[in-house]
Amino acid sequence: MEEIRIEEINIQEPQVVIHLGDVNFLEKSVLNYGILSPPILFKNRGALEIVDGWARLKIANAHSMEKVKCQILQCSLKEAFLFHLSLNIKWRGFSEGEKLLIFKRFMNYGFREEEVIEGWEKISGERISRDFLIECLKLYDEIPEVVEFLHSGKINLTTAKELLKFPENWRKEILSFLRKVKGSTGEWINLLRLLEEGLYSGRIKEIEWLKNFSDLKSPLKKTFELSHPYTARCMEEIARILEELPPNFCLKLPEYLCGNNAELKINFNILEDLKIPENLNEVLSKVRKIVVEGVDL
Amino acid sequence: MIYKENKGSFLHRVNYGLPFETLAIEDANGCPFDCEYCFLKSYFSESDVVIYTNKNSLFEELEKKLSEGKKRRFYLGEYSEPLWTNRFNNLVSEIIEVFRKFPEEELEIRTKFNDVDFLKEIRPLKNIVFAWSLLPEDISKRIEKGVPSVEERIKAMIKTREMGFRVGVRLEPLLVYKGWENEYTNLLKKVSFVLDEPLEMSALRLTPSLRRLIYSRNSNSEILKNEFIVSKDGKLRYPRGIRFRLYNHILSLVPSSPVRIYMEEEFLIESLRKYWKNLK
């Protein structure tokens, strides 16, 4: 253990530390009791780099503490990085945004793809595929802003990867909408796939209008109608046919006749005393006809 | 063009959804033509046409499969343009001779090319069908670049038929675009002379990655102007109602010819069968 002057340590842009977001959560503890657990450092090309304890050192530095007792490891940059990950995954884990940074950092330090996969499995217990790794790196390179969204939990990796399907000029608008509106993964994927369809077919020319929405339901409906006008007409026709049933008889159809809900599935609850309408079969065969044969072009 | 050895298998199972087993022969891969909808662009890493040099291994594997006697249909032309590559590897002539020994097994040579003169030297066989993929002339000119015109293909069909070979029409892919109904009507009139042979067709299917590729090459592509849904196999297809109307129109043009629809949802085919008895 050595007592080190804080100014000698690279706190501003530490090389191996992966930590997004707030670091002040330890402030009270450091101010009241000092640094209880000594930071771990290593020497990289003469400079003192942090392996563990960045938050503590940052607070100490902000409060003008001069010296801190640290442990100094003799290790390479690559080893220090692996050690940093092993220590931090145990006590706080990493967000999906940080995970992207980790994969990128692995590659920057000269790890080969197989080494990244094996290294990450040893550290986290999670086995990732090569395709997953490549997609994460692509996401980091092509849409760097996404790291922050992933870290904050606004979107998850599944949704983020959908963004890669859009040409670059659409991504910014979509991301600014994602930032504003909350939705489940399923809803996001549904919206993004509908948008993708509309944009590629040219039925959606620009997506500025997304800015006007503060919830997800209305833009989902609008995007569906714009991107799938024919299917939307089929849905309208089906809704009209269903009106032939008594109003108290509840019959549910999949929300959209696109995506994987392609088969006609009709759900209704069999309740006691439920009176089956006499025209049910007739209505169902009309619905089936629309589902299979569609409406006029 | 690249010549190399195929270290893998030459035969691949393909699911056409037809009532018999179907296998594709990979003697080469890649195509010299540039059809906007072609899956080969997103399927093979090489942009050049690759012709496999180890033909003997191909014949060995093929004969072994044919000896099983399962009355399968084999395809030549799934991964390449067989009549075009034949100029370089003479494979069509040789493969026909292999099939001569197995009259119960069928070979479909699917093509868009028009060089059929070499067939004069070959004795026709009943278990081989030369199938031309056709689109209406107007859209073909716009999206099938480098491909012989539909007129030239039809001339090649006539020649091949006159030489005594079976000749078929494949409407692959069936496309919806402005004026498609009239254009398909005209096309089917022109090929009525071969409609005793089953006409086979399938509406356009795209993988999401192929759609992205088409868009990146031509963001105004006519093919993409349509509405698509994601089907169970992950491919993008026209909405079911549009497909129904597309098939229905073609079936109405050839009410007395045998027709097959492949790579399609079975219940859609079932619904069409209620209207069309010629749909096999």
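User: Happy to dig in! Into which domains is chain A divided?

Analyst: This is a predicted model, in which local features need pLDDT of at least 70, side-chain atom pairs count only at pLDDT 80 or more, and totals for chains, interfaces and linings use all residues. Residues are numbered from 1 along each chain as its sequence is written, while chains are lettered from A and ligands numbered from 1 in the order in which they are written. The bounds come from an automatic or database domain assignment. Chain A is split into domain 1 (1–92), domain 2 (94–164), domain 3 (171–227) and domain 4 (238–293).

User: Which element of chain A has the highest mean pLDDT?

Analyst: pLDDT is the predictor's confidence in each residue, from 0 to 100, and chain A averages 86. Elements here are DSSP runs, with helices (H or I) of at least four residues and strands (E) of at least two, numbered from the N terminus. Helix H1 (residues 27–33) of chain A has the lowest mean, 81, and the highest, 95, belongs to helix H4 (residues 96–108) of chain A.

User: Which helices are included in what covers the buried residues of H4(A)?

Analyst: A residue is buried if 20 or more other C-beta atoms, placed from the backbone, lie within 10 Å of its own, exposed if 12 or fewer, and partly exposed in between. Buried members of H4(A) include Leu100(A), Ile102(A), Phe103(A) and Phe106(A). Their cover includes, from chain A, helix H3 (77–91), helix H5 (113–124), helix H6 (130–142) and helix H7 (146–152).

User: On the side of chain B that touches chain A, which element gives the most residues?

Analyst: Two residues are in contact if their C-beta atoms lie within 7 Å. The contact draws 22 residues from chain B and 20 residues from chain A. On the chain B side, helix H8 (208–217), strand E14 (229–230), helix H9 (240–253) and helix H10 (266–273) each give two or more. With five residues, the one that gives the most is H9(B).

User: Is Lys71(B) buried or exposed?

Analyst: Lys71(B) sits in the loop between helix H2 (55–67) and strand E7 (73–76) of chain B. Its phi is positive, near 55°, though most residues other than glycine have a negative phi. Because 12 other C-beta atoms lie within 10 Å, Lys71(B) is exposed.
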